[in-house]
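Please keep the sequence and the model in view while reading.

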Amino acid sequence: MSPLGALFSRNSWNVFRRDFVAWQKYAASSITINIFDPIAYFLALGFGLGAYLTLGAKGSLLQFMAPGIVGVAALNAATFDACWGAYERLNNNGVYESMVTAPVDPLEIAAGEYLWQGFRAMLYGAIVLAVISIFGLVHSWWALLCLPLLALAGIVFAMPAFAVAMMVKTQEHLFYYFSFVATPMVMIGGVFFPLDKVPHWLLSIAWLTPLYHAVIIFRALVLGTPNVGLLANLAWLLVAMALFVWLPVPFLRNKLAR
Amino acid sequence: MERGVRSVVEARDLTKRYGNVEAVRGINFSIAPQECFGFLGVNGAGKTSTMKMIYCRTTKTSGQLDVFGMDAERHPQAIKRRIGVVTQEHALDPELTVEENVLLYASFFGIGGAAARHKCSELLRMMALEGKASSLIRELSGGMKHRLAIARGLVNDPEMMVLDEPTTGLDPQARLAMWQLLLGLRERGITLVLTTHYMEEAARLCDRLVIMDEGKVLAEGTPRQLIDRFAATDVLEVIGVDFENVRVPLDGLVRRRERHGETTYLYNEDNRALLLRLADAGVDAPQHVARQATLEDVFLNLTGRELTE
């Protein structure tokens with residue numbers, strides 16, 4: 001079974017369902033916590049900073065940021081649970097431990113978690129999408145295509161985060177992932193400002209992050225200006241998914257075999 | 001068990017190393033269908049590591065381990081389908097209710113829908129947990145958690161149950177109830193494999209057992225055989241008498257004499273006759289305990305250490 005193939009195995013979906021059933025008990029607080037942050041940034045910067053800035057042909061800062069914030073919500077939703085949640089499930093709650101006493105392969109645990117993080121990213125991203133549409137910032141039905149792409153982006157966001165959660169020795173080390181990876185990704189991912197005037201080295205780093213590609217796609221769909229160039233961004237995400245998919249599995253296998 | 005007879009678990013020169021630590025050092029045992037087989041030893045004796053290899057959580061370092069005639073390393077999923085596992089910490093999901101815990105576990109065996117719900121309510125009834133179906137794990141008592149872990153392990157109608165310290169942490173009453181439960185499972189024809197560091201538990205539950213210490217099997221047999229071989233029928237514990245300096249003709253009566261601290265253990269076949277002989281010889285033994293030999297004595301004789309923590 002390959003990790004991508006595991007996405008279709010029955011037990012991967014049972015792992016997904018476990019997370020879903022557990023999540024239902026605290027869904028309201030989880031959603032609030034995960035989307036309040038990006039929406040607060042969006043409103044403060046969009047209305048506050050946006051009052052002083054115009055982006056020329058790119059329109060208002062508020063309009064520019066809106067689809068970016070959808071991407072940030074997806075990133076938060078996937079990363080938080082892939083880090084803290086999965087760390088708990090591996091080390092403190094015995095959730096994975098009980099799964100491997102049943103005929104569940106660690107690969108299916110990883111795949112089930114990817115599916116779950118993809119779902120979270122889609123749901124939380126969709127809620128933010130609904131919020132920005134209330135502000136009249138969604139201009140096309142193409143925006144509906146964001147939903148499956150949010151799930152794909154969420155899966156890609158989750159993979160390295162989940163790998164780190166399976167690797168670290170203490171929970172405190174997860175902060176490194178947020179400080180060195182997740183937060184900088186938001187800063188340079190083309191969320192808050194266009195990247196066409198940043199130095200080339202910074203743009204190169206941005207290009208290496210999944211958020212950069214996801215936000216480009218979301219922005220085009222929200223504005224109703226899809227183009228063939230987006231297929232390159234989509235391809236980037238698919239390749240990243242294929243590359244990252246193995247990453248956590250050896251660590252997970254190792255920890256569970258102790 | 002004799003070679004050639006079909007066994008459920010068969011281990012030959014089985015070893016397990018974690019880094020530089022050799023947890024299991026070349027052990028042999030075989031477990032027969034429908035028996036209750038125990039691993040007795042102190043913490044760190046290698047019992048849990050052996051369990052983990054049997055239920056395919058971890059792989060051996062060397063040697064051979066077959067479960068249901070299948071190589072445990074090559075067929076873990078096929079083996080897991082036929083066994084029930086109760087780990088030491090139970091690994092009950094704290095974010096799910098009692099019922100959700102059982103249903104999730106059932107789903108991993110492909111049991112879903114009405115069949116799973118039916119099985120779940122049957123198991124919860126059997127474990128006297130039917131009123132707790134929608135409780136969270138933290139709302140359960142220690143005994144209830146133990147029972148839930150067993151209910152979950154039974155969801156796939158296993159041929160063999162592997163239980164790592166099934167009564168540790170239980171109060172005496174709950175422990176007694178757990179023994180009844182386990183004996184009931186054995187009566188239903190389920191092979192039981194368990195670890196324990198309680199002598200009494202091993203004596204009461206196990207048809208056969210091995211005594212493990214520092215990764216090795218020191219002895220194997222039925223509780224009675226082990227007591228006969230490594231202890232005696234009776235034990236007279238005499239406190240405060242130095243038998244080195246006392247001339248009493250005990251040869252015919254005492255099979256073995258051990259001294260641990262202030263206490264001398266006289267392993268013999270008949271405490272009453274021994275006490276009479278001591279009285280005749282004028283040995284004053286004001287502090288003594290006369291009792292039957294137990295597995296505790298076997299362990300003490302084999303390792304020179306006491307089992308109880």
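## A residue at the contact between chains

A102(A) is found in the loop that joins helix 5 (95-101) to helix 6 (106-134) of chain A, where helices (H or I, at least four residues) and strands (E, at least two) are DSSP runs numbered from the N terminus. This is a predicted model, in which local features need pLDDT of at least 70 and side-chain atom pairs count only at pLDDT 80 or more, whereas totals for chains, interfaces and linings use all residues. Residues are numbered from 1 along each chain as its sequence is written, while chains are lettered from A and ligands numbered from 1 in the order in which they are written.

A102(A) counts as buried because it has 24 C-beta neighbours inside 10 Å; a residue is buried if 20 or more other C-beta atoms lie within 10 Å of its own, exposed if 12 or fewer, and partly exposed in between, with C-beta atoms placed from the backbone. Leaving aside neighbours within four places in sequence, A102(A) is in contact with K80(B), Y105(B), F108(B) and F109(B), a contact being two residues whose C-beta atoms, placed from the backbone, lie within 7 Å. Within its own chain, A102(A) is 54 residues from V156(A) in sequence, and their C-alpha atoms are 28 Å apart in space.

## The side of chain B that touches chain A

The contact takes 20 residues from chain A and 23 residues from chain B. On the chain B side, the elements that give two or more residues are helix 2 (76-82) and helix 3 (98-108), and helix 3 of chain B gives the most, with 5 residues. By class, this side has 10 nonpolar, 6 polar and 7 charged residues, where Ala, Val, Leu, Ile, Met, Phe, Trp, Tyr, Cys and Pro count as nonpolar, Asp, Glu, Lys and Arg as charged, and the others, Gly among them, as polar.

## Chain A as a whole

Chain A has 12 helices and 0 strands, and its C-alpha trace spans about 60 × 40 × 35 Å along its principal axes. Buried residues make up 52% of its 258 residues. Among contacts in chain A between residues at least 6 apart in sequence, 80% join residues at least 24 apart.

One helix pair can be described in detail: helix 10 (residues 210-223) and helix 11 (residues 230-244) of chain A pack at an angle of about 145°, with their axes 9 Å apart. Axes are lines fitted to C-alpha atoms, for helices over the stretch in contact, and angles run from 0 to 180 degrees between N-to-C directions. In this pair, residues including I216(A), I217(A) and A220(A) of helix 10 meet residues including L234(A), W236(A) and L237(A) of helix 11. By class, the contact of these two helices of chain A has 10 nonpolar, 2 polar and no charged residues.

## Positive phi in chain B

Most residues other than glycine have a negative phi. D13(B), although not a glycine, has a positive phi of about 50°; this residue is found in strand 1 (residues 9-18) of chain B and is partly exposed, with 13 other C-beta atoms within 10 Å.

E165(B) also has a positive phi of about 50° without being a glycine. E165(B) lies in the loop between strand 7 (160-164) and helix 6 (172-187) of chain B, and is buried because 22 other C-beta atoms lie within 10 Å.
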